[in-house]
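Visitor: Could you walk me through this model? I'd like to jump around a bit.
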Amino acid sequence: MKNISADEIKYRVKELGADLCGIASVERFADAPSGFHPTDILKECKSVIVIAARIPVNAFISSSQAIYTFTHSRLFDKINSITFAIAIELEKWGSCAVPVPASEPYEYWDDSRRHGQGILSLKHAAVRAGLGQMGKNTLLVNDQFGNMLLLGAVLLTEEIEPDLLATYQACIPGCRICLDACSVSALDGNTIEQRKCRSICGKTTEGGGFVYNCNLCRKLCPHHQGIR
């Protein structure tokens, strides 16, 4: 088995196209909900590799939501390709590595609340891997890229040196821009009520296509291009 370093993993992940990569030890997930802990997915998990890909700010420029929707779709494909590729490489090096889906499929779905949940909270994993802090809009906020990031992860049975946690503030003290901008009051500063958010965030066109219909909580955030 090849000895694997954190620097080697990060270098390769960025070669594959990721903008950021952080590593968390499994001990940092002690407060994860039952059923959504890394060891619920991979029993012998010791480390969680979290990757992030930047959403181009220009996705907000067009008046058509098709552009933002297309960007999201392409980035999810990109992230899944990266996590799949690095998991395969780690396996070739003698490790057991499992990629986590960047978006759907959901195994958990509560129809009464219109609430879906991935097998691992990638936003919370990113916080534990030192990639940022959670904002009031429930999006990860990174000092370099703000909240313009989509995330993926790989679970690993090797103990890899974890990154330091981010210590900067995600939100400006007293800021309520995202909370007040939400037309259905889905945000309370700590969580999001998915049932309300889903009622406006996307729509199906007459032809059967899907577009994101609202992204104000991301777009209006003073930190959507990084913490200045």
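Visitor: Which residue in β8 is the bridge partner of I49?
Guide: The partner of I49 in β8 is V154. Before we go on: this is a predicted model, where local features need pLDDT of at least 70, side-chain atom pairs count only at pLDDT 80 or more, and totals for chains, interfaces and linings use all residues. Residues are numbered from 1 along each chain as its sequence is written, and side-chain values use heavy atoms, with hydrogens and water left out.

Visitor: And what do you call a strand or a helix here?
Guide: Both are DSSP runs numbered from the N terminus, helices being H or I with at least four residues and strands being E with at least two.

Visitor: What about β1 and β2, parallel or antiparallel?
Guide: Antiparallel, with 6 bridges joining β1 (residues 20-25) to β2. Within that pairing, C21 has I51 of β2 as its bridge partner.

Visitor: What's the strand order in the sheet?
Guide: The order is β1-β2-β8-β3, an open sheet of 4 strands with antiparallel pairing. β1 and β3 (97-100) stand at the edges with a single partner strand each, so one side of each has no neighbour in the sheet. On average, neighbouring strands of this sheet are turned by 25° against each other, direction ignored.

Visitor: How many residues of β2 are buried?
Guide: In β2 (residues 47-54), 7 of the 8 residues are buried, so the strand is mostly covered. Buried means under 20% relative accessible area, exposed is over 50%, and partly exposed is in between, using a 1.4 Å probe and protein chains only.

Visitor: Which helices lie across those strands?
Guide: Among them is α1 (residues 6-15), which lies across β1, β2 and β8 and runs at about 145° to β1. Helix α3 lies across β2, β3 and β8, at about 20° to β8. Contact means heavy atoms within 4.5 Å. The axes are lines fitted to C-alpha atoms, for helices over the stretch in contact, and angles run from 0 to 180 degrees between N-to-C directions.

Visitor: How far does α3 reach?
Guide: From first C-alpha to last, α3 (residues 65-92, 28 residues) reaches 41 Å, close to the 40 Å expected at 1.5 Å a residue. That expected span is 1.5 Å times one less than the number of residues.

Visitor: What caps its N-terminal end?
Guide: S64 caps α3 there, with a side-chain oxygen 3.2 Å from the backbone nitrogen of A66. Just after α3, G94 takes a positive phi of about 105°.

Visitor: Which non-glycine residues have positive phi?
Guide: One of them is T138, at about 65°. T138 sits in the loop between β6 (133-134) and β7 (140-141) and is buried, at 8% relative accessible area. S185 is another, with phi near 50°. S185 is in the loop between α5 (177-181) and α6 (194-201) and is partly exposed at 48%.

Visitor: Switching to cysteines, how many disulfides?
Guide: The count is 0, taking a disulfide as a pair of cysteine sulfur atoms within 2.5 Å. For C45, the nearest cysteine sulfur is that of C96, 9.3 Å away.

Visitor: Is H223 buried or exposed?
Guide: Buried, at 10% relative accessibility. H223 is in the segment after α7 (216-219).

Visitor: What does its side chain reach?
Guide: A polar atom of the H223 side chain lies 2.9 Å from the backbone oxygen of A170. Leaving aside neighbours within four places in sequence, H223 is in contact with V141, G146, N147, A170, C171 and I172.

Visitor: Last one: where is R113?
Guide: R113 lies in the loop between β4 (108-110) and β5 (115-117), and is partly exposed at 41% relative accessibility. Not counting residues up to four places away in sequence, R113 touches Y108, Q194 and R195.

How values were computed: Polar contact = N/O pair within 3.5 Å; in protein donor to acceptor, adjacent residues only side chain to side chain. Pairing = 2+ DSSP bridges.
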